[in-house]
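Notebook open, one chain to look through.

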Amino acid sequence: DGDGYSNKMFDGKPLLPFGDTIVADEMEKESGFDAKLTAETISLVNVWMAMTSELYRAVAYCRDGTTNSDRNPVDDAAAFWFGSQVDPNKTTGSTLFAWAGRAQSEFTGFASGVNDEMIEMLSSLQNSYAGCKAAAGKNQRKNRALMMKTDVDYTIQIMTVPLVQNFIRSLASVSGIANQALNDRDNYMVLYSLMVLPLISICDEIIFDDLWEDVLVGKQPYTAVTFSETLKMVQ
């Protein structure tokens with residue numbers, strides 16, 4: 001619909017308040033309020049999700065021929081990712097750009113990082129959106145929108161990489177492989193499980209059920225061996 005996901009339903013409930021519900025739960029958790037965790041929760045369940053909505057809104061505008069409006073959803077999406085980021089080498093702060101940089105720093109062997117690819121893809125989407133404005137006729141708009149959707153889908157796949165990286169980092173923490181404070185370890189494991197496990201359910205519901213039970217519900221004790229086994233399931 002015109003408002004992105006605002007009228008969508010999931011499990012019989014409106015999807016729009018999902019992020020707000022998670023943020024509220026984080027603030028009211030038994031271990032107390034954690035400003036850093038709350039900021040990261042808001043970035044993920046509100047800002048990250050809002051960015052995906054804007055990217056798909058750009059495709060809808062392209063297809064429907066509403067690109068002549070003053071609003072450019074690709075600009076909005078870029079603003080959600082970069083925020084007030086000025087220094088590309090700075091990984092502190094609450095922008096998604098800085099968050100992705102922190103996630104990347106935990107891993108080695110990457111020729112290019114998520115932020116490098118995001119800059120490239122958002123620039124490409126800007127060009128695609130400009131092409132939509134120049135499209136003549138419904139068929140041209142439809143074809144350009146289909147090509148743009150392919151790039152949007154790929155962009156969101158890139159955006160998912162830091163989610164998975166942080167999920168793996170959290171798994172390593174609860175396994176004792178990586179050092180992290182007890183509250184941070186448990187709370188961040190819950191946060192990234194809520195973000196990543198639903199994505200896994202799309203590919204394999206059995207693995208999703210197993211991980212949901214082990215990681216979130218039962219909170220099974222993890223070791224280096226169980227970490228390796230879980231990592232294989234995630235991959």
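I looked up helix H2 (residues 35–64) against helix H5 (residues 114–134): they pack at an angle of about 25°, axes 9 Å apart. Axes here are lines fitted to C-alpha atoms over the stretch in contact, with angles from 0 to 180 degrees between N-to-C directions. That makes H2 roughly parallel to H5, a label for angles under 35 degrees. I noted the crossing of H2 and H5 as left-handed, meaning that the near helix is turned anticlockwise from the far one by less than a right angle.

Next, who touches whom (contact: heavy atoms within 4.5 Å)? From H2, Met51, Leu55, Ala58, Tyr61 and Cys62 meet Met118, Leu122, Leu125, Tyr129 and Cys132 of H5. I sorted the residues of this contact into 10 nonpolar, no polar and no charged.

A caution to myself: this is a predicted model, where local features need pLDDT of at least 70 and side-chain atom pairs 80 or more, while totals for chains, interfaces and linings use all residues. Numbering runs from 1 along each chain as its sequence is written, and side-chain values use heavy atoms, without hydrogens and water.

Then I checked helix H4 (residues 96–105), which is mostly covered, with 7 of its 10 residues buried (under 20% relative accessible area, 1.4 Å probe, protein chains only). The buried ones in H4 are Leu96, Phe97, Ala98, Trp99, Ala100, Gly101 and Ala103.

Zooming out, I get 9 helices and 2 strands (DSSP runs of H or I, at least four residues, and of E, at least two). Of the chain's 235 residues, 40% are buried.

Key: Buried means under 20% relative accessible area, exposed over 50%, partly exposed in between (1.4 Å probe, protein chains only). Angles under 35 degrees count as roughly parallel, over 145 as roughly antiparallel, 65 to 115 as roughly perpendicular and the rest as oblique. Contact means heavy atoms within 4.5 Å. Ala, Val, Leu, Ile, Met, Phe, Trp, Tyr, Cys and Pro count as nonpolar, Asp, Glu, Lys and Arg as charged, and the others, Gly among them, as polar.
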